[in-house]
Amino acid sequence: AMVASLDDLGGGRGWEGEEVPGLTRRAEGRFDLVLMLALIHHLAIAVAVPLPQVATLAARWSRRWLIVEFIGEEDPQLRLLCGQRRRQAAAFGIERQRAAFIAAGFVIEAELSLSG
């Protein structure tokens, strides 16, 4: 298991950053399963990482599976973050999130809707 702050991953160290590669490079293709739970709205809205880049990172790290939690526009936390950062909740809707991950090469095997 790996736990890291994705909004500020350290780069490599040593000569030209290659002696000890940064976490992003060390994680490429290393995981059979990547979990992105309660994460997209924090990266995409709070930190302003474009949805396609979030999806691409997941694709680079995962060899096979991704479990991702999509947050709907009506979610109170999403609305709060959008309000604080003067962003439109519609820009982060489930369809846009889904499209970003499909464009990154993922195939949706199953979806499960959870209540509140």
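Leu33 has its place in strand S1, where a strand is a DSSP run of E of at least two residues and a helix a run of H or I of at least four, both numbered from the N terminus. Leu33 is partly exposed, with a relative accessible area of 42%, a value that lies between the limits for buried (under 20%) and exposed (over 50%), found with a 1.4 Å probe on protein chains only.

This is a predicted model, in which local features need pLDDT of at least 70 and side-chain atom pairs count only at pLDDT 80 or more, while totals for chains, interfaces and linings use all residues. Residues are numbered from 1 along each chain as its sequence is written, and side-chain values use heavy atoms, with hydrogens and water left out.

Strand S1 (31–36) and strand S2 (62–68) each contribute at least two residues to the patch.

The protein has five helices and two strands, in the order α-β-α-α-β-α-α from the N terminus. Of its contacts (heavy atoms within 4.5 Å) with a separation of 6 or more, 71% join residues 24 or more positions apart.

| Item | Accessible area (Shrake-Rupley, 1.4 Å probe) |
|---|---|
| Protein | about 7,900 Å² |
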